[in-house]
Amino acid sequence: MGSQLEADLGDHSGAHRARAEYCRQRLPELCLLERLLNKGAGIVRSRVLAELADGDQHLPLYALELGSDNPDLPVLILCGGIHGIERIGTQLLLAELGTLIYRFRWDKSLQHRLSQMRLLILPMINPVGMARGWRSNGNGVDLMRNAPIDADLPHPWPICGHRLGRWLPWYRGKTQAPMQAEAQQLCRYIQEQTARAPFILSLDCHSGFGMRDRIWFPYAGRHQLMEHAAELHAMIRLFERAHPHHTYLFEPQFHHYCSHGDLWDYLYREHLKQHSSVFLPLTLEMGSWLWVKKNLSQITSYTGLFNPTVPHRQRRTLRRHYLLLDFLISAVSSWQNWMPDRPGHARHQRYAERRWLKREHRA
Ligand SMILES: [Zn+2]
C-alpha cells in the first residue's frame with residue numbers, strides 16, 4: 001500500500017473516531033438517529049437539508065420520509081429539537097421512529113395508513129444548539145423568534161423576542177438579516193413538500209412550560225384564532241371523544257405570550273396566501289415543571305429545567321405521547337372521514353370561539 005493512501009486512510013479513521021467520540025459525549029441522539037436509519041433501510045427515506053458547523057464537526061439536519069411519496073396525498077410533519085436544550089422532543093420523535101420502523105414490517109394496518117399519506121419527520125432541527133446544550137442555534141439566535149414576522153402586542157419582554165444581542169436568550173437576530181440556515185431549510189422543505197397536499201398537520205415538540213402537557217396552535221404573535229379553527233376543533237373533538245381520559249390542554253399560544261418571529265405563524269400565514277388546503281400547525285409543550293417538582297435537584301441544572309433527568313421519568317415521557325402520535329397518523333390518513341361539512345364547519349367555529357376566545361378577544 002502506498003504511503004499516501006495509508007496516510008489518507010489513517011486520517012479518515014481518525015476523523016471517524018473523533019466524530020464518534022463527539023457524538024457520544026455531546027450528541028448521542030445523532031448516533032441513535034443514524035442507527036435507526038440503518039435499521040429502517042427500505043422503510044425510511046432520508047435526506048440532509050444542511051450541514052451545520054460546530055468547530056470542525058459538520059452536523060446534518062436530517063429530513064426523513066415514510067409512507068407514500070405521492071405529493072397529492074395528505075401530510076403529517078413531526079418536528080423536534082428546534083430549541084437545542086429541549087432534547088426530550090428529539091428523543092420522543094426517535095422513540096416514535098423506532099416504533100414505526102419495527103411495526104411497519106408486520107403491521108398491515110400501519111402499512112395501510114402510511115400508504116394513504118406522507119409522513120415527514122425532522123427530529124433534530126438545531127443539532128449545534130443541542131450539542132452545546134443551548135436553546136439557540138450556534139449563532140445565538142432563537143430559531144422560534146427568527147421568522148420575518150412581528151407580533152401585534154408583544155409581551156412579556158424579553159421572552160417575546162428582542163434584537164439586543166445574542167447574550168440574552170430569545171434573540172431574534174439582526175433586523176433585515178435573512179433567516180438562520182436551520183429556519184430557512186425547515187421553511188423551504190415544508191413549503192416544497194406540502195404544495196400539493198390536500199391536508200397538512202404538523203406537531204412541533206418542545207418542553208419547558210408549566211405543569212401540564214399542552215397542545216398549542218396559532219397564533220403566537222396576534223390575539224386571534226387561526227383561520228382553520230373550525231377544522232382544528234373538529235379534530236380535537238375526535239381525540240377527546242375517543243380518549244376522554246387524556247391529559248392534554250389544547251389552547252392557542254397567545255393565551256400565554258405574544259411573540260415575534262414564530263416559525264409556525266410564519267409558515268401558516270404564507271400557506272394561507274398561496275393555498276386553500278387546510279393546515280393545522282400544532283406545538284406540543286411538554287410540562288417540564290412537573291419533572292422539576294418531583295425531583296427538586298433538577299432546578300439547579302439548566303438541562304433539568306427542560307428535560308426529565310431521572311431514567312424512569314424519561315421512559316414514562318417517551319411512552320406518554322404514543323397515543324397522541326398514533327392518533328395524528330390516523331387523523332391524517334383518514335382526514336376526509338372527519339373534515340366538517342358546511343353546517344358542521346359553522347358549528348365547530350362557534351364552539352372554537354366559545355372555548356378559546358375570552359370575551360375581550362371576541363369580535
Ligand atoms: Zn421550545
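## Cysteines, metal site and surface patch

The sulfur of Cys187 lies 9.9 Å from the closest cysteine sulfur, that of Cys79, which is too far for a bond. The model is predicted: local features need pLDDT of at least 70, side-chain atom pairs count only at pLDDT 80 or more, and totals for chains, interfaces and linings use all residues. Residues are numbered from 1 along each chain as its sequence is written, and side-chain values use heavy atoms, with hydrogens and water left out.

For Cys79, the closest cysteine sulfur is in Cys205 at 8.1 Å, again too far for a bond. A search of the whole structure finds zero disulfides (a disulfide is a pair of cysteine sulfur atoms within 2.5 Å).

Relative accessibility is listed below; buried means under 20% relative accessible area, exposed over 50%, partly exposed in between (1.4 Å probe, protein chains only).

| Residue | Relative accessibility | Class |
|---|---|---|
| Cys79 | 0% | buried |
| Cys187 | 2% | buried |
| Trp157 | 55% | exposed |

The zinc ion is coordinated at 2.0 to 2.5 Å by His83 (ND1), Glu86 (OE), Glu86 (OE) and His206 (ND1). Donors are N, O and S atoms within 2.8 Å of the metal (3.2 Å for Na, K and Ca); water is not among the atoms, so sites may look incomplete. Along the chain, the donors follow the spacing H-x2-E-x119-H. Both Glu86 and His206 are buried.

Trp157, Leu164 and Trp167 form a nonpolar patch on the surface.

Definitions and conventions: Patches are made of residues with over 30% relative accessible area and no salt bridge: like charges are joined within 9 Å, nonpolar side chains (Val, Leu, Ile, Met, Phe, Trp, Tyr) within 5 Å. Accessible areas come from the Shrake-Rupley method with a 1.4 Å probe; for residues, only the protein chains shown count as cover. A salt bridge is a side-chain nitrogen of Lys or Arg within 4 Å of a carboxyl oxygen of Asp or Glu.
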